[in-house]
Structure formats: C-alpha cells, structure tokens
Amino acid sequence: METTILDNIANSLGNLENGEKLTELLRKALESEISMADIIEKGLRKGLETIGNKYEGGEYFLSELLYGSDLTNAVFEILKPYLQQLEADVKGIIVTGTVRGDMHDIGKNVFKMFAEASGFKVVDLGVDVDPELFINAVEENKAEILGLSALLTTTISEMKIVLEKLNSAGIRNRVRVILGGNAVSEEFAEEIGADAAVLDAVQGVQLCKEWMGE
Ligand code: B12
C-alpha cells in the first residue's frame, strides 16, 4: 500500500501530471501516515529523477524541468505544516545556501525544512551564493555548521573555494562543513577537506545532530 502510493507520487511527478492529482496523492500519503522522509525521498525525489533523466534523454526540455520544479515547490507548501513541530531548544546554528552559479534549491530547502523541524536555527543564504557571503554569515551568526549545496558538475568547484576562504579567514576549525546535492560525493568532500557529503537530507540532519553531541 505504502509503496504503491509512493510510486504513484513518483510517476505522477515524473510524467508531469497536473498539480491536483499530485496534491491528492500527497494527502493520501499523509493520511496513511507515511513518513515525510519517505514521501520526499521515495516519492518526490524519484519523480524529479525521472524528469532529469527524460531531460537528459531529450524527451523533456527546459520548460518541463521548470514545470516539474514548480509542481514540487507547490506541493512542499502542503508538506511544510506537518514538519513545523519545532523543538523548544535551539540545537545549533546552520548557515546554508547553494553555491555560486547554481540555481537549484529544492534539495537545499528540504534539508532546511528537516533541520528546522529538528530544532536547528537555519540561516539560508539562497541560491547562487558568493563564497565571501558564506564566510561572513558563518562569522556573523557564530554558526557551528555550514551546509553547502550543488547540483551541477560545473559548480561543485565553488565548494573548494568556500573551504579555502574558511581556511584563510582562520575559522575552518570553528565550523563543520557538510556538502549536499546530487553532484557531491564522500570522496570529493575528503578531497577538498569538508567534513561530510550526503545525498539525503535526513541523513545530513542526523549527522548535524551527532556533531552537536546528540
Ligand atoms: C528541478 C531541476 C532544475 C530546476 C531547478 C529549480 C529549483 N528551484 O531548484 C531548473 C529548471 C531551474 C533547472 C535548471 C538547470 N538544470 Co536542473 N535539474 C533539476 C532536476 C530535475 C531535479 C533536481 C532536484 O530538485 N532534485 C530533488 C532534490 C530533493 O534532490 P537533491 O537536490 O539531490 O537534494 C537532496 C540531497 O542531495 C540533499 N541535499 C541537497 N542539498 C543539500 C544541502 C545540504 C547542506 C545537505 C546536508 C543535503 C542536501 O537533500 C535533498 C533531499 O534528500 C535535476 C535532475 C536530478 N536527478 O537531480 C536536474 C539537473 C540537476 N539539472 C541539470 C541541468 C543541466 C540544468 C541546466 C544547466 C539546464 C539548462 N540547460 O539551462 C540548468 C542550470 C541552472 C543553474 N545555473 O543552476 C542536470 C545537471 C547535470 C550535471 N551533471 O551537471 C540535471 C542532473 C538533469 C540531467 N539529468 O541532465 N534544473
């Protein structure tokens, strides 16, 4: 039952069916008490993957990529209230954003949503963020964690620049750096001296909690 609903969500988004159909399926999933993490990872993300593959294969064009992201953003508005049970104590401060040259923010927003729901204060710098802005925000907010997102193979090099700037500002040892987005890998994190790389927001938040001593 659970798998069927999640597959239907993935297929509906992947085939770019209308928003009403997707909304109805999401409501069904929420009523069936399927976890938010599963709805996002096994439903929506899988659907977006299909869109990406169809785009790569020439079946979809940029307009379809855009439509898919609009559909996703619209349904996130339905999911958000279910995640807003903020824990009373602030666990720590995270600065996050998508690196310079990269406009993808769906995954970064998912990470933010889960982190906030777990009690973190999140300072979100948005997309296409200049490396200097990350350094300033970490310093100004006394952040314990910096979460960088990148989805393009052409923009992950920006992450290296951010790490270099953290080093030259003398604050690298005061902040943990976690990378996310489909373009990153653990090997890459190691190569550029980041603390971790994850392809799953829930796993990322879990790691952040561990870093804060939980
Ligand atoms: C939606 C989408 C778009 C939308 C983005 C809208 C938006 N507001 O984000 C639009 C239409 C704007 C777009 C544009 C482009 N896109 Co695009 N896009 C996608 C698509 C279909 C889905 C991405 C997505 O949202 N996935 C769902 C989320 C939930 O997954 P995720 O990002 O991986 O995030 C998860 C984890 O990685 C993690 N995470 C993410 N960030 C962070 C951060 C932290 C700190 C942590 C801990 C975790 C974390 O948590 C999330 C949940 O678990 C992908 C295909 C794909 N399979 O990824 C292509 C894709 C990424 N795009 C691609 C391309 C080529 C482009 C364009 C260059 C197309 C063009 N010709 O203009 C432009 C680039 C624009 C730019 N400068 O950034 C390619 C990239 C290829 C490559 N190897 O570099 C892909 C892979 C499609 C493909 N198969 O060809 N795109």
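His104 (NE2) is the only protein donor of the ligand's cobalt atom, at 2.3 Å. Donors are N, O and S atoms within 2.8 Å of the metal (3.2 Å for Na, K and Ca); water is not among the atoms, so sites may look incomplete. This is a predicted model: local features need pLDDT of at least 70, side-chain atom pairs count only at pLDDT 80 or more, and totals for chains, interfaces and linings use all residues. Residues are numbered from 1 along each chain as its sequence is written, and side-chain values use heavy atoms, with hydrogens and water left out.

**Strand 1**
- His104 sits in the loop between strand 1 (93-98) and helix 5 (106-117). Helices (H or I, at least four residues) and strands (E, at least two) are DSSP runs, numbered from the N terminus.
- Strand 1 is largely enclosed by the rest of the structure, because 6 of its 6 residues are buried (under 20% relative accessible area; exposed is over 50%, partly exposed in between; 1.4 Å probe, protein chains only).
- Strand 1 pairs with strand 2 (residues 121-124) in the parallel sense over 4 bridges; pairing takes at least two DSSP bridges.
- Strand 3 (residues 145-149) also runs parallel to strand 1, joined by 5 bridges.

**Salt bridges**
- The count comes to 13, each a side-chain nitrogen of Lys or Arg within 4 Å of a carboxyl oxygen of Asp or Glu.
- Glu158 and Arg100 form one, with closest N and O atoms 3.1 Å apart.
- Glu158 lies in helix 7 (residues 157-168) and Arg100 in the loop between strand 1 and helix 5, so the pair ties together parts 58 residues apart in sequence.
- Glu158 is buried at 11% relative accessible area, whereas Arg100 is partly exposed at 32%.
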